[in-house]
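Welcome, and take a moment to look over the model with me.

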Amino acid sequence: SGATAEFYRSRGMQNPPEFGPLAAVTPGTPGGLMTILAEYGTMSLKDVLAPAIQMADGYPIEAQTANSIESNKARIKGWKYSPAVFLTHPGEAREAPQPGEIFKQSDLAATFRKLIETERAALRAKKTRKEAIYAAQDRFYKGDIAEEIVRAVQEEGELFTRADLANYRVRIEEP
């Protein structure tokens, strides 16, 4: 809501920057994916997220991704929390993971587990599969996950707020 033309002009910019905190937008992918699953899927969020959690817990990183991290390490260092995740060998000539090295994203796995925990609690409360998935979506956009996202991004100077997350809505459109 704060990313207005007037805001960017007041900072001497014609357009929002391509990278950095002022380029960030409200995350729509989680909501879109959970909406698709709730409305058109048949599986649980737990089953759908299981492979992603397995990878976030650690997998042998492929060369293309490892090399991309290395070639973008200067940009990664511009973010407070990213180097600890992506630059696993700080201070070495190659700071990114080596191809084949076990790469972990523990915070991502923990976030996925929180979504599953919310789905499970909703199902125990006799909610439908669809309602349980939407409960997880609400936790992402309105609960403790949203609170942590906003805390971290505002430390970096980003503009979106708890209200921006809470007001985010997925719109299903005809193709």
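Helices here are DSSP runs of H or I with at least four residues, strands are runs of E with at least two, and both are numbered from the N terminus. This is a predicted model, in which local features need pLDDT of at least 70 and side-chain atom pairs count only at pLDDT 80 or more, while totals for chains, interfaces and linings use all residues. Residues are numbered from 1 along each chain as its sequence is written, and side-chain values use heavy atoms, with hydrogens and water left out.

Let us begin with the whole chain. The protein chain has ten helices and two strands, and along the sequence they follow the pattern α-α-α-β-α-α-α-β-α-α-α-α. Along the principal axes, the C-alpha atoms fill a box of roughly 55 × 45 × 35 Å. Of the 175 residues, 31% count as buried, where buried means under 20% relative accessible area, exposed over 50% and partly exposed in between, with a 1.4 Å probe and protein chains only. Contact means heavy atoms within 4.5 Å; among contacts between residues at least 6 apart in sequence, 63% join residues at least 24 apart.

Now to the pocket. A pocket is found on a 1 Å grid over the protein atoms alone, as an open set of points where a 1.4 Å probe fits, with protein on both sides within 12 Å along at least five of seven lines; lining residues have an atom within 4 Å of a point. The largest pocket holds about 1,500 Å³ of space, a volume being the space filled by probe spheres set on the points, which are joined across faces, edges and corners. Its lining consists of 42 residues, and Asp-107, Leu-108, Thr-111, Ile-149 and Val-153 lie nearest the centre. Which helix gives the most to this lining? That is H7, with eight residues. Several helices supply at least two lining residues each, among them H2 (29-40), H3 (45-56), H7 (106-124) and H9 (144-155). By class, the lining has 26 nonpolar, seven polar and nine charged residues. Here Ala, Val, Leu, Ile, Met, Phe, Trp, Tyr, Cys and Pro count as nonpolar, Asp, Glu, Lys and Arg as charged, and the others, Gly among them, as polar.

H2 also packs with H8 (residues 129-142), at an angle of about 170 degrees and with the axes 9 Å apart. The axes are lines fitted to C-alpha atoms over the stretch in contact, and angles run from 0 to 180 degrees between N-to-C directions. H2 and H8 are therefore roughly antiparallel to each other, a term for angles over 145 degrees. Residues making the contact include Met-34 and Leu-37 of H2, and Ile-133 and Phe-140 of H8. The contact residues divide into nine nonpolar, three polar and three charged.

The loop between H7 and H8 is worth a visit too. Lys-126 sits in this loop, and its phi is near 70 degrees, a positive value in a residue other than glycine. Most residues other than glycine have a negative phi. Lys-126 counts as exposed, at 72% relative accessibility. Lys-127 is found in the loop between H7 and H8 as well, and counts as partly exposed at 43%. Leaving aside residues up to four places away in sequence, Lys-127 touches Ala-122 and Ala-132.

Key:
Parallel < 35°, antiparallel > 145°, perpendicular 65-115°, else oblique.
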